[in-house]
2 protein chains.
Amino acid sequence: MSSALATQSGAADRGRSARKRIAILDAARDLFLHKGYAGTSMDDVAARAAVSKQTVYKNFADKQRLFTEVITTDVGRVGAATQARISAMPDSTNVAADLKEFARWHLADVMQPARLRLRRTLIGEAERFPELARTWYASGPEQSVAEFARWFSAWDARRLLRTPDPVLAAQYFNWLVLSIPLNKAMAYATDEPLFTAAELDAYSDEAVRIFLAAYAVPGETG
Amino acid sequence: MSSALATQSGAADRGRSARKRIAILDAARDLFLHKGYAGTSMDDVAARAAVSKQTVYKNFADKQRLFTEVITTDVGRVGAATQARISAMPDSTNVAADLKEFARWHLADVMQPARLRLRRTLIGEAERFPELARTWYASGPEQSVAEFARWFSAWDARRLLRTPDPVLAAQYFNWLVLSIPLNKAMAYATDEPLFTAAELDAYSDEAVRIFLAAYAVPGETG
């Protein structure tokens, strides 16, 4: 085989491997969401992904590793445009408007039916599989809070907000925006949306108003 | 049998019935929490309560009815002293202090390990047993919010707060107080407390501060 052909064939192998890996993750996500963690076997995953069981094990050492990958892949996938806006937040020149826009996106993102189902599954399995729920919490809510804390720290330094404890402020911000719809959705496992987009926006807007009222720089108004 | 003796024996029967009912509810709560809803049978409940299966069915028509009773009994049990304070809230002469005191109690109450376990179970089973989670949501969070809305409505009328939509304000109040510790506890199913009493009080106090800042009567401070 010429070296050019060998390179082509190597690239084709890598493409095939990547596709198989994605197929396994998709199959696993589907199964975990619908049958729970305990109810899903590596055999089921292999069958649904149409790969051999060996391929599943080659890519993911065991079921817990596979599940962790499903969670972190799901939590981590934020579009490039959103990521750019998030990175620019500390330099915002209009904190109220940018926070309002971000909060609407954040709430809509968390309220996607597949993510709600994952959240219910993880909470329900937290006692039997403590590592999974903790991994999810660390890669989901805690990551978000850490990001928000960076913004509030920057804004406090620029005297746009008064958040002497940025992590604490970030926690209140996160749950102010999410909690009303999210807690209802934990109890109402339905495929039809519980809230319209306009309702979600209204909850999110009021949350931002509350947050800004509580963390405004003293003596400054709106 | 003389009528006095008949009355005594009737009272003894009622006492025995009431004790059996409580024993069944206690056994059912224990089993549901540790084995989940699907994993618990009426036979298990009868065995643990040391009563016949017929007695279980005579008291509770079926498993769902029994579970509903466990939830609502658990949610409803508030001591007389607390109930008196709750009833007096609309007439509060020191809204900030009374709200702070109540919020501390509310958070500590929700964070009890057995209640956290019940909450995780219900969320985890919400897809398979939608009625159960909805019953719990209606008798738990929605009842609390309805109660808080009565206070905020009274306080708005007395111009102590500005809550034109008392139910909306009540929802934010509820989740501001509960969310940070409660969401962490959903992911961390541990029997050791995740937070000290002092930490819970601090979360609750800051939540009340945020709430009052956001819903203060315009032009009034502190």
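Student: How many residues does the contact take from chain B and from chain A?

Tutor: This is a predicted model. The contact takes 31 residues from chain A and 31 residues from chain B.

Student: How do I read a pair of packed helices?

Tutor: Two numbers describe them: the angle between the axes and the distance between the axes. Take H11 (residues 197-215) of chain A and H11 (residues 197-214) of chain B. Their axes come within 8 Å and cross at roughly 100°. That makes H11(A) roughly perpendicular to H11(B).

Student: Which residues meet there, in H11(A) and H11(B)?

Tutor: From H11(A) come A:Arg209, A:Ile210, A:Ala213 and A:Ala214. They meet B:Arg209, B:Ile210, B:Ala213 and B:Ala214 in H11(B). The residues of this helix contact divide into six nonpolar, no polar and two charged.

Student: What rotation superposes chain B on chain A?

Tutor: A rotation of 180°, with 0.0 Å of shift along its axis, and the RMSD is 0.0 Å. That is the relation of a two-fold axis. In chain B, the C-alpha nearest the axis belongs to B:Gly124, 1.8 Å from it.

Student: Why do the copies meet through the same surface?

Tutor: Compare the two sets of interface residues. 100% of those of chain B are also interface residues in chain A, so the copies meet through the same surface.

Student: Now one chain alone. Into which domains is chain A divided?

Tutor: Domain 1 covers 3-72 and domain 2 covers 78-215. Their C-alpha centres lie 30 Å apart. Ten residues of domain 1 of chain A are in contact with twelve residues of domain 2 of chain A.

Student: Which helices each supply at least two residues of the domain 1 side?

Tutor: H1 (3-35) and H4 (63-76) of chain A do. H4(A) gives the most to that side, with five residues. The residues of the domain 1 side divide into six nonpolar, four polar and no charged.

Student: What scores does the model carry?

Tutor: The ipTM is 0.84 and the pTM is 0.85. For chain A, the mean pLDDT is 90, and 94% of its residues reach 70 or more.

Conventions
Residues are numbered from 1 along each chain as its sequence is written. Chains are lettered from A and ligands numbered from 1 in the order in which they are written. This is a predicted model: local features need pLDDT of at least 70, side-chain atom pairs count only at pLDDT 80 or more; totals for chains, interfaces and linings use all residues. Axes are lines fitted to C-alpha atoms, for helices over the stretch in contact, and angles run from 0 to 180 degrees between N-to-C directions. Helices (H or I, at least four residues) and strands (E, at least two) are DSSP runs, numbered from the N terminus. Angles under 35 degrees count as roughly parallel, over 145 as roughly antiparallel, 65 to 115 as roughly perpendicular and the rest as oblique. Two residues are in contact if their C-beta atoms, placed from the backbone, lie within 7 Å. Ala, Val, Leu, Ile, Met, Phe, Trp, Tyr, Cys and Pro count as nonpolar, Asp, Glu, Lys and Arg as charged, and the others, Gly among them, as polar. Copies are superposed by least squares on the C-alpha atoms of residues with pLDDT of at least 70 in both. pLDDT is the predictor's confidence in each residue, from 0 to 100. Domain bounds come from an automatic or database domain assignment.
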